[in-house]
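This report describes one protein chain, beginning with a single side chain and ending with the chain as a whole. Keep the structure in view while reading.

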Amino acid sequence: MRQRLIWSCVLLLLLANFYTWRGVAARAAGQPTIHFLNVGQGDAILITSGDRQVLVDGGPDNSALSEIGRIMPTGDRTIDLVILTHPHADHVTGLFSVLERYRVNEILATFVEYDSSLNREWLKAVSQSGARLNYVDPADDYRFNNLYIDTLLPLTSSAQSADINDDSIILRVGGDRSSVLLMGDAGFAVEDSLLNIYPGISADILKVGHHGSRYGSSLNFLQRLNLASAVISVGPNSYGHPAPDTIDRLNQVGAKLYRTDQSNTVQFNL
Ligand SMILES: [Zn+2]
């Protein structure tokens, strides 16, 4: 009986020790930070959380590499997770050099098929890299130290796509203080789906969909999110991005607006 009591005490102390040190480790891991890299016309977003890194898209060329190198801790050659929102050139091209330069543990991609020579090359590079390839499933969320990553869309496994922009992987990421909604290149229809599927959705920061296209960021959507800030990842382009109407709507909801073409890399602590 007495021995059992002693063992119970030992177990209790071990557990207390485990939870204490886990707390200390989490604090040492620090506050996550999101960096919207200036890669010209495209998206590349690096999120750090202690010793872990997640890269969302790679931009239209390898200009993200120098910024990633500056932000990564010296000696750290591993990116824990790379998420490709959709396989258009302005999102995937920079990832080729990332796969060459870094060890990538896991790649998360959309299951929607998209036939292009660039995408075929990309899938080949992925299989040669040794990274684990996973397809998005909103049931699978991620946590890296204090950073959480919720995958929101796409939901269904309809293999063919009318518009691959609208099949972008939509993410909500954050730490203890702030949350960010990453819209990829999605437009109005996806915003409506998000509001229907996640009626209580909110975010402190919005990565504006499709480089500020006029076909995204509806007033209703922006009002529902309750934003403090919005980031447009954009460079010189012939599409009229960002559209003046979209900027008007962001101003109407009082979001403080940042543009990578004006502010260079934009970063927030989460
Ligand atoms: Zn794009």
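## A buried arginine

In this predicted model, the side chains of Arg-172 and Tyr-148 make a polar contact at 3.3 Å. A polar atom of the Arg-172 side chain also lies 2.8 Å from the backbone oxygen of Ser-202. Arg-172 itself sits in strand E9, which covers residues 170–174.

Which side chain of opposite charge is nearest to Arg-172? It is Asp-150, 4.8 Å away. A salt bridge requires a side-chain nitrogen of Lys or Arg within 4 Å of a carboxyl oxygen of Asp or Glu. Arg-172 has no salt bridge, although it is buried.

Leaving aside residues up to four places away in sequence, Arg-172 touches Tyr-148, Ile-149, Asp-150, Leu-152, Ser-179, Val-180, Leu-181 and Ser-202.

## A nonpolar patch on the surface

Leu-123, Leu-133 and Tyr-135 form a nonpolar patch on the surface. Together these residues have about 260 Å² of accessible area.

Tyr-135 belongs to strand E6, residues 132–135. Is Tyr-135 buried, partly exposed or exposed? Its relative accessibility is 46%, so Tyr-135 counts as partly exposed; that class lies between under 20% for buried and over 50% for exposed.

## The whole chain

The chain has 270 residues, and 52% of them count as buried. Its secondary structure consists of eight helices and 14 strands.

Among contacts in the chain with a separation of 6 or more, 69% are between residues 24 or more positions apart. The accessible surface of the chain is about 13,100 Å², and carbon and sulfur atoms account for 50% of this surface.

Note on methods:
Residues are numbered from 1 along each chain as its sequence is written. This is a predicted model: local features need pLDDT of at least 70, side-chain atom pairs count only at pLDDT 80 or more; totals for chains, interfaces and linings use all residues. Side-chain values use heavy atoms; hydrogens and water are left out. Patches are made of residues with over 30% relative accessible area and no salt bridge: like charges are joined within 9 Å, nonpolar side chains (Val, Leu, Ile, Met, Phe, Trp, Tyr) within 5 Å. Accessible areas come from the Shrake-Rupley method with a 1.4 Å probe; for residues, only the protein chains shown count as cover. Helices (H or I, at least four residues) and strands (E, at least two) are DSSP runs, numbered from the N terminus. Buried means under 20% relative accessible area, exposed over 50%, partly exposed in between (1.4 Å probe, protein chains only). Lys and Arg count as positive and Asp and Glu as negative; His and the chain ends are not counted. A polar contact is a pair of N or O atoms within 3.5 Å; within protein, one must be able to donate a hydrogen and the other to accept it, and residues adjacent in sequence count only if both atoms are side-chain atoms. Contact means heavy atoms within 4.5 Å.
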